[in-house]
Structures are given as structure tokens and as C-alpha cells.
Amino acid sequence: MIAASIRLVTPLLLAGVGELVVERGGILNLSVEGMMLIGAFASFMVTYFFGDPWLGVLVAALSGLAVALLFGLLTVTFSLDQVVSGLAFNLVAIGATSYIYRATFGWYVSPVPPHVERLITDVRLPVLSDLPIVGSALFSHNPFTYLALVFILLSAYLLSKTAWGLNIRATGEDPLIAEYLGISTHRIRYALLALEGILSGVAGSLLSISQYNMFLDNMTMGRGYIVIALIILGRWMPFRFLVAGSLFAFIDALQLRIQASGITWFPHQFALMLPYLTTLIALLLVGRRVKGPAGLGKPYKRTR
Amino acid sequence: MSQILNRVEKTINRIKKTDERRLQYQLFLIRMATSLFAVGLTLLVGAVFIVLAGSNPFTAYYWMYQGSLGGVSIMVETLVRSTPILLVSQGLAVAFTAKLWNIGAEGQLYMGGMLASIAAIMLQGLPGYSAIPVILLLAGLAGAFWALIPALLKAYYEINEVFTTLMLNYVALYIVSYLLLGPFRDPVSQFPETQTISKELWLPIMLQGTRLHAGVLLTVFIATPVVYFILKKTVFGMRLAILGANPEAARYSGINIVKEIVLGLVFSGFLAGVAGGVEVLGIQHKMRMEISPGYGYTGIAVALLGYLNPFGILLASLFMGGVMNGSTTMHRMARIPVGMAYLIQSLAILFIMVGYLIQEKLAARLFERLEEHRPA
Amino acid sequence: MGVTRQHHPSFFSGEDIEPRVVMESITKIYPGGVVANRNIDFDVGRGEIHALLGENGAGKTTLMKILSGCLKPTVGKIIVDGREVQFRSPKEALKHKIGMVHQHFTLIPSLSVVENIMLGLERKGPILDLEKAIGEIEALVSKTGLHVDPRASVYTLSVGEKQRAEILRLLYREAEILIFDEPTSMLCGSEVDSLFNTLKQLASRGCSIVFVTHKVKEALAISDRLTVLRGGSAVATMSRSEASEERLIELIIGRVGFPIAAPKVFAPALARDVLVINDLHVKDDRGSLAVRGASLSVREGEIFGLAGVEGNGQKELVEAIVGLRAPIKGSVHLGEAHITGSPARFIMAGGAYVPADRLGRGIALDLDLSINSSLKKLMEKDFAHRGLVNKSKIVEFAKRVVKRFEVMMPSLDTPVKFLSGGNIQKLIAGREFETVLRVLIAEQPTAGLDVRTINRVCESLLELKGRGVSALLISTDLDEILAVSDRIGVIYNGRIVAVFSASEATPQRIGACMLKGEPDLESR
């Protein structure tokens, strides 16, 4: 169960780290959902046609990057409303991926949907993974899980201990003052978005070529939005986000377990609902009147 | 002498009025232009995707045109297809005016449709003219209720409504799925859908040979003007606009923010629920999982495309309905995947964003030239 | 009337000062055609304190923004240490050791002092060594006497401490030419004295200081030379010995005497109380008690001025009166109505409110002028009958509002955001004056307005009195309050500690009271 939770939480953590730093920089990027979905789609297509899952990951990263930069163009350079832009991108992502998928494979997908043979395999950490019980649960995972944890550590260090982190925080709190002090808010925001794009694209690829071996319409099923909720619950701090994410992953794994266990009296739809309901309830309990960086979500226009 | 002065004053006033009207007219032109620009860009990018699918965009769009506007009965069908989108977006226009981002229209629609089908089954045997309004009302209430939870969360706890409405979308879908596969499954067909509701409870067809049902007329001729009236002519609409423009200013002018938030979101939920009910009673005649190909999301795009103006929304939803209608023909004749419709709809919302930006800049320049020219 | 680039004897040390920074023929024309600076010459020497005087809108801030690198002059040049320079940003100006301490601080509240100081510094590596910086800052603190805790978060600091942090930020970057923009606007009494001590100390260590202010007395107290700007031009520069208060005032205003010539009419002592605030206890945003048992009453037809140093609870008090913030104890009555905690009841009982935060609270930018004018009237029967809006009534009222202070606008349907800042202020003020029925609560009523409009505001206030309408003015600007009030109260630490009648009120008395928290019964 723990192994399952960890596996499930990895994409959330990866995408979440990116979104967290972006939000600390003052941008509310709802298009994480779309970036993940496009990443999932792109990696699947590439792996299907070229047979190499790592190439798929690379393409996923690049496509996430492209979306992120486009989003940056709208929200940073043109200062358009961030919420609506993010939602727009997500809708386009769903439409475009479904469309191209069907255009490629035919619009009535056969009973056995196209699937991929070679997936990203787990990596067993030497020595550690041979420990009884704990070993297989904790230490033999997808390399990206370790990567996610590393990034979380890095982001915590970055934000609190480095000058870059200070600039990021200042940009998120008050971009006007930051600009006045000579910080290039645009450059920082674009850089953060680029990072997020890459991470989210990769996170999405994990869905289609690691957790599953196919692509389904709207695979991400709102996980991008959940990531944002988790960030709120974690008060925009990397380690707390990790905790929130882990708890959520636990619920997610639980829900899958319930479905798989064949308990007939408990409708499986309610199990599927569980993650969303939990997020809702968690927000209700913990997310009241919580404020992020003061400038989060506010369009900022450079006047000079 | 005084007569001359009077005359002069009257002319000056008339000039002032025409000046003001000219301003309004120019603003209107700017808005139309940017909406058209967005639509144009959408079709352009759509053409790219068509090419990607290996077809000729000109042929494809030709068939789309034929399939949406190529004949009276086809146009009627376009109208029919636009109806649920129109109804949902009218409701969203109200919520969005107050900057209440109701992303949960899809879920609210499903709840409305579900309750409508349940009510229709239970009210079997009753005459249509008394039962149908009740069913639609119940559908609306279901949608309203589904929006009430996020509304209260936002009003009292300041929890962002984007997430709450979105999460409830998924929850609603699963609830309906459970009900359709369980207690309300059609005993005859065993499909995940309800049994067909009895004929008296179907929305009457207004035009023989088409699918034009009473719900269409209700939406176009009643709902649209009513929403326009609410937004532009009532204090409620004004309060929503103030709330959307500046919540602090709203509070400071004595507006009860909690009440407005709840009313705004619940109203949009109500209309979304009714949209679900209309689809059940007028088109599907039963409740199914496929009742909505994303009307709740398309409604967002349409509301923005129409600049939150009910009549602009009418035009925008006709556009979307046309796209949907035409895409089946496009699919048949030019082998374009049906998903094209959805793609076009989602591209439209993206480009309307850019359109908003341009519109802002143009309007600003328009006013800059006039600023400081005339005192009161 | 120009400035000669001679050597001037320092008022304090008597030695000759060499000019260090020279601004030559500076002209600044804004895109709209407004000429903010017209051919100004200005210079400051090493170790000199040079005061820049003038009214709001005379061009002082623009000139200093040019010097500090925020703006580029349309014409003219700047010479620092003998070399001509051009600044493209404040950061570049700092490289030439020029820095500005703004009136509204450029500190980020949720960060600590040291983080704010380190922000934007050129650095050798990505690592932030806060400890080392704290050490360096503490050294600076002891050297200059600017006491502030580097580790504290800015939002916890007092106004004086925040200012010291701003100064430290400049000194940390080795600025030697310091511009202070209205530094005493938020300070009072002993804080002003300690600031002046700091300035003198900095000057004696060789810093050049420009002191921008509209307060003549302060300028005379501290500066070696004074320059007066009026209408965008430099009308005079003189040394301290040549300057006198009367002469300076005359130069600043262009005529002798105060801008307001209207006679004061004292409200009869028997008039009823119309606004009664009783034992209010109000919490601020951070949960601590900002208002601790404040009571005051305003009589019918009276103008009551409430003076106090910023941060003594005025903001929370006003919010409680107007209904935007619920008090935890106490009550507010307007006329016979109990209005505590409800903006709607405040408005319906006849109250009007000009907020200090005009743009944030008072106006809906995206909406047009007519809606914004009627913001408070929506609850009235004429305007909204049975839920329907009476458009013609709104338009009619909007026209009156616009006319009151002569708002310039293309049409009533223009969204307010396209108006200039000054016009928006006029609109808000006009709206409240037209809306008020019993009591007008105004925070910093004349801030941001030009002289002509200030006059009209004061006229309007007096006209209100004639109608039997009262006003409660809350301000940190003593001149503003003294000019129109019948009675003046002082708020200190969340309580009303004294109330003076107009005849007893002198600037010294009130100023002392604002600082000490108790009325000084011996007159001076």
C-alpha cells in the first residue's frame, strides 16, 4: 500500500514542486492540469511510434515547456487574467489531445486500446532496497520519485537560503517594489514557469507510460487542480506540501484498493470520488482564509 | 434673445448626446471586432489541425458550413444544439459578472438532469403542462443546490470557488454514474441510463419534422431577455457588477457580500440544472452519462466570447452550436474526427483571451484621446 | 531667479561646500502634455542639507524621481562628481551613490529587515549569507544610531523603524547622496527630532542630503540651503540665513496668507450630538487591540478633527464607525440609529465616507462614472424602486457629483479607470459630499488634491455646516485639521485622550499631545 501511494504521488509531487515555486513568484498557474495532460499524451505517442520511453519523457518535458512559455506570454508579458488563461489552456489541452489521438488511431478506439510495451522501469537502490519490508516499499521506485524528492529539497533550500529565492519571494509579494529594486520580475517568472513546464510534462508522462501503459481522454482527471489545492494546504512551503501530498496519495491508494478488492456493497464510484471529496473537505478544514504570497494571481503591468 | 440662447443650448445638448452615443457605438465596434478576430483565429488554428488529420481545410469548413447553416431544418438543428450551451452560459454570465468563477456548471447540469429524470419517472401519468414546469423547476433546484455548497464555502470561508466547483464536478459525475448503474438503471436495456420517460412528459415539439422543442423557445425568448434584464436593469445586477469590479468597494457601499455571492453562484447553478432538465425532457428523453459533451465548460467559453452580454452570448452559442452540428457532417463527408468540435470550442476561449487584451488597449486609446476634453 | 553654482557656506559648520550633484536645466514633460519640471537648476554639495520646498504638485517629487533614476528628464543633464551621468534605473543611480527614501516605503512587509536590505544587491554567488549581513547591519546601526532589529519582519515595525530600515538599505549600499521625500509626514515630535539628528550626523560625515517637504518650519530647522519650486519652476534658492518663514510661504504659494480665507463659524454649544461613539474596542488585522475604549461625539453642524500619529488606531476606529469592521465591544450611533457593524445602516442613517485608500475602497475601476457616483444610493427608493434601477435618476445624480469638484471626463459612460488619478479623487470626494445627509467621515480629505480643489473642499465643508451636517476628519496633517475644525481630538494608543476647542488649539499643543498621549495643560 505504501509503495502504491508513493507511486501515485510522484507525478503530483513533481508537478507540484514546479507550481509551488511559480506561485511563490506570484503566478497562479492553473494550466498544470493541461501541461500534465499534454505531457502524458506526447510521451505516449512518442513511445508508441518510436519505442523508447525515455525519448517520450524528453518530448513530454519539451511540450510542457512550450505550454508553460506560452502561458507566460499571456500572463507575464501581456498581464492577462491568470485564472482564465490557465483554464483556457486546460480546455484546449483536453480538446487537442483527444482530437489528435483519435485522428491517429481512428475515432472509435478498438476494444484493446493502443498500448505501449516498454515502460519506465523501477530502479532498485543498492543495499537499501534489500532491507526487509521497507526495502521494496520505499527504495525500489521509479527514478522520478527520487527526483521529485530531490527537487522538493532543492526548492526548500532555494526559497529560504538563496538570493534567487529571496528575489522569487519578493516578486511574489510585491512585484512593483521588486522591479524598483532592480529585480527583473519577468525573467524570474518565465524561468520558474519554464521549470514548471518541464516538471509537469514529465509528471504527465509518468501517468501514461509508467503507471499505465496507454493514453485515455482527460487522463489527468483533475489531478493538476488537486496539486494546487495541496499547495494551499501546505501553505506554500515545500515540506508541508510533501506531507499534504503524501496524505492525499494514501487516500488515492486506498480508493484503488477498495475498487480492486471487489467489495460489492460499496459502490466503486464512491471510491473514485474519494480523492476529490477529501480535497474538498481538507480545503474546508484547513484552507480557510489562508493567504499565499500577497501578489498571487494579480496581473502585474510594467509601467516603464 | 433668450430664444436664441435656448436654441443654442438645445443644439449643444444634442451634440453632446450624439458624442456620447458615438462613444458607445465605437466601443461596440471594438468588441465586435475583437470577438470576430478571436473566432477567425480559432478557425485558422482549427484549419491547422484539420491539415494534421490529413484533410483539406476548405472542404472541411465547407461541410461544416453546410452542416450548420445549409438549409432551414439544419439551421433549426443548430439552434437546438445551441440551447443547452446558451442556457448554461446565461447563468454563467451572471456569476462571471460578479467574478464568481463557476467552473462547476457541468456537474450542476448533471445533477439537474438526474433529478429531472427521477422526477419524470415518479410523476408518470400526470399531464404534461402541469408536470413539466415542476420537473424543470426541480432540475434547476438540483443545480442550484450543487452550487450552494461552493457558494457558502466562498461566502463564509473565502475558499476559492474555482476548486470547489471543479471538485464537485467530478463528484457529481460519479454520483450520477452510480445512480445510473444502480437504482435507476433501465430494467429493460440494462444500459447505464434511466428508462425512457413517458411521452406526455416530453417537451412538445414546436416545429414538425425537427427537434425544436419548447425548451429552445424558452431559452431563447424567455431566459435570454430575462438575464439581460437582470444584469442591466435591476439593482441586483448592478450589485453583482460592483462586487465583480471591486469587492471592497461593494462592502463599503453597503452591499451584503455574502448574500450576493450566494445568490450569484446559486443562480448560475439553477440555470445549469435547468439546462440538464431541458436536455432530458426535450432531447434525450432519459438520463444518460453522455448527456453533456462538456456543455458546462463550453458555456464558460461562450460567456466570455459574448463579453458577458446575454445577446452577445446568444450569438456566440449559435456559433458553437453550429460548430457542433456541422462537425457531424464534417465527420461524415470529410472524415474529420468528431473531437474537432470540442477542439474548436476550446481554441475559441483561448483566443478570446487575446481578444480581451486587444480590446482593452483599443478602448484605452479611445478614451485617452477624449480625456480632459470636457468638464461636466 | 536661477541658481548659481557657487560655493555656499554651510549653515552649521561655516565651511565652504563644493557642489557634488548638479542638475542642469531639467525639464520634464509627461506624455499627456503636463509640464512637471520647467528648466530647473539644482545642486547639492558634500555635507550639505538642501531643502526642496513646494506645494503638492509643484514638481518636487518629479525632480527627485529624475535624480534618483526613476524617471528620465525630457531635457537637461545631471552631473555627479564632475561627470555627466544618465540613469536608466534607480539601481544605476545607486551605483553613483544616489538613493531615495520614499514617502511610502518600498519595503516588503512579510520579509525581514535584513532580507529587504539584501534584496536586489549585486552578489558574488547565489548563496545568501544572512548572518554576515546581519552583522554588517548591526555595525551600521551602532555607527549611525538608526536603531532597528534586522531580524524583525517589516510588518511588525513602527513607522519610524520602517523609515530607519529604508535609510539603512541605502547606507548599506554605500549611498552618499540621500534624498528624503516628505520624511516627516508619518512622524511626529521626538521621532522627527531623532530623524533630524540622523540627518545632521550623516551630513557631518560627508553625505549630501536633499530634504523634500512642504513644511516650512522643518525645512528652516534643518537645512543649509533651501530651494522653492512652484508650478514646475524653481522660483528661488537661498541659504538659511537669507530665509524666513513668511518669505518662504509667500514664494511657495505665490501670495501672502493661507489658501483658505473662509471665516470659521463655530457650532453653538447646545447643539445635539449626532454621531456618538461609545467605548469602542476594535481589533486590527493581526488580532491585537487597536482601539481600546474610544469614545467621542460629534455635534450637529460641527466639524470635528481627529489628529494622531499614524498607527494609533485611527484606521480601525474609522472602519468600526463606518461598519467595515465589527468592534468587539462598544457601540456607534448615528442620530437615533444604532449602526454598529453595518455599512448599510451607516449609509441609510445618513453617513458618508471618504476613505484614505481611495482607489482600493472607494471606486470600482472597471465600471462607469454613473454607477460609481451612485454607489451609495442604491438603497434609496428613488434610485432603486422594487429592484429596478432608475437610470435617469442615476444620471442626474452623477452629473451633480461630477460638477461638484469639476471632474474632467469624456462622458458619464466612461469606465472610471480611464480617468486620471486626481480626477478619480475628485469624483470620490464629490460623491460623498453629495451623498451625505448627517455625518461625513473623511480620512486625509485633502490629500492628493490640487490647491483649487482643496479650497473647494474646505468651502464645501463649511457649506455642510450651514446645512446642519457634521464632519469627522481624520488626518495626520495638522494644518488640514486646524484650518477647518471646530473641535480637535487626539487619538493615542487607541483612545481619545484629549479634545480641544478651536480657540485652545495650537499646533504645539496638539503636536505634543499626539506624541505624549496626554494633553499638555500649560500653554506655550
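Start with Lys99(B). Lys99(B) lies in the loop between α3 (72–97) and α4 (105–122) of chain B. A word on labels: helices are DSSP runs of H or I of at least four residues, strands are E runs of at least two, and both are numbered from the N terminus. Lys99(B) is not a glycine, yet its phi is positive, about 55°. Is Lys99(B) buried, exposed or partly exposed? It is partly exposed, because 18 other C-beta atoms lie within 10 Å. The cut-offs: buried takes 20 or more other C-beta atoms within 10 Å, exposed 12 or fewer, partly exposed falls in between, and the C-beta atoms are placed from the backbone.

Tyr307(B) also has a positive phi of about 55° without being a glycine. Look for Tyr307(B) in the loop between α11 (295–305) and α12 (310–334) of chain B. Tyr307(B) has 20 other C-beta atoms within 10 Å, so it is buried.

Before going on, the ground rules. This is a predicted model: local features need pLDDT of at least 70, side-chain atom pairs count only at pLDDT 80 or more, and totals for chains, interfaces and linings use all residues. Residues are numbered from 1 along each chain as its sequence is written, with chains lettered from A and ligands numbered from 1 in the order in which they are written.

Now chain A. It has 12 helices and two strands. From the N terminus, the elements run α-α-α-α-β-α-β-α-α-α-α-α-α-α. Chain A has 304 residues, and 54% of them count as buried. Take the contacts in chain A with a separation of 6 or more: 77% are between residues 24 or more positions apart. Contact here means C-beta atoms, placed from the backbone, within 7 Å.

Next, two helix pairs in chain A. First, α2 (32–50) and α9 (185–211) of chain A: their axes come within 6 Å and cross at roughly 55°. Axes are lines fitted to C-alpha atoms, for helices over the stretch in contact, and angles run from 0 to 180 degrees between N-to-C directions. α2(A) and α9(A) are therefore oblique to each other. On that scale, under 35 degrees is roughly parallel, over 145 roughly antiparallel, 65 to 115 roughly perpendicular, and the rest oblique. The crossing of α2(A) past α9(A) is right-handed. Among the contact residues are Met35(A), Gly39(A) and Phe44(A) of α2(A), with Gly197(A), Gly201(A) and Gly204(A) of α9(A). By class, that contact has 11 nonpolar, nine polar and no charged residues. Nonpolar means Ala, Val, Leu, Ile, Met, Phe, Trp, Tyr, Cys and Pro; charged means Asp, Glu, Lys and Arg; the others, Gly among them, are polar.

The class count for α1(A) with α10(A) is eight nonpolar, two polar and three charged.

On to the interfaces. How many residues of chain A are in contact with chain B? 37, against 36 residues of chain B. On the chain A side, α4 (82–105), α10 (223–233) and α12 (268–286) each supply at least two residues. α4(A) gives the most, 16. The chain A side divides into 27 nonpolar, seven polar and three charged.

Chain C touches chain B as well, with 34 residues from chain C and 28 from chain B. The chain C side has 22 nonpolar, five polar and seven charged residues.

Last, strands in chain C. An open sheet of four runs β14-β13-β16-β17, paired antiparallel. Pairing takes at least two DSSP bridges between two strands. β14 (289–299) and β17 (337–338) of chain C are at the edges with a single partner strand each, so one side of each has no neighbour in the sheet. Helix α9 (314–322) of chain C packs on the sheet, touching β13, β14 and β16 (329–334) of chain C. Eight bridges join β13(C), residues 273–283, to β14(C). His281(C) stands opposite Arg292(C) in β14(C).

Terms used. Contact = placed C-beta atoms within 7 Å. Left-handed = near helix turned anticlockwise from the far one by under 90°.
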